[in-house]
Amino acid sequence: MPNCKTLVPFKGTKEQENKLKAVIERHKEEAGAVMPVMQEAQEIYGYLPEEVQIMIAEGLGVPLTDVYGISSFYAQFALNPKGENQINVCLGTACYVKGAGDILERICKKVGCESGEITDDGKFSVDATRCIGACGLAPVIVINGDVYGRLKTEEVDAIVEKYM
């Protein structure tokens, strides 16, 4: 079973940094530039580690607390790297009352990684999410954009094995 990490060292490249600097320069004079710069930064890096948030804050001349506040508030932003296979388990009310907590536990056991973590080999990341808007299919998981609904705990292993 793979080990999991919550803190992964930042491994940005010079090429990524140059792309981010170009994005910042392009948006620097716009009002409300923080959000679009953050969105493009996440496309470049795949997530928004502290190092990238600092570059954005310094480049746009805004407080780091503003950048962090946005990145931690909006679900679209990831503060940790994601695995090759991204597993999201909906824990919204409809999913939760239909057993999503047990499904999350089973997935974590299967891949060897807790929610909010990534396996050492980078193969899987697991995240508990808020409502994804598929309440009629509760409980629901999403793996790399593939939606699996009306799940039973005993179906989880076979679904996850397709991605191993």
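The model is predicted, so local features need pLDDT of at least 70 and side-chain atom pairs count only at pLDDT 80 or more, while totals for chains, interfaces and linings use all residues. Residues are numbered from 1 along each chain as its sequence is written, and side-chain values use heavy atoms, with hydrogens and water left out.

Helices (H or I, at least four residues) and strands (E, at least two) are DSSP runs, numbered from the N terminus. Just after α2, G46 has a positive phi of about 90 degrees.

Two separate nonpolar cores can then be followed. Such a core is a set of buried Ala, Val, Leu, Ile, Met, Phe, Trp, Tyr and Cys residues joined through side-chain atoms within 4.5 Å, where buried means under 20% relative accessible area (1.4 Å probe, protein chains only). The largest core has 24 residues, and I107 and I141 have the most contacts inside it. Elements giving two or more residues to this core are β2 (85–90), α6 (100–111), β4 (124–129), β5 (141–143) and α7 (156–161). Of these, α6 gives the most, with 6 residues. A second, separate core of 17 residues includes L20, Y45, I56 and A57.

Definitions and conventions: Buried < 20%, exposed > 50% of the residue type's maximum accessible area, 1.4 Å probe, protein only.
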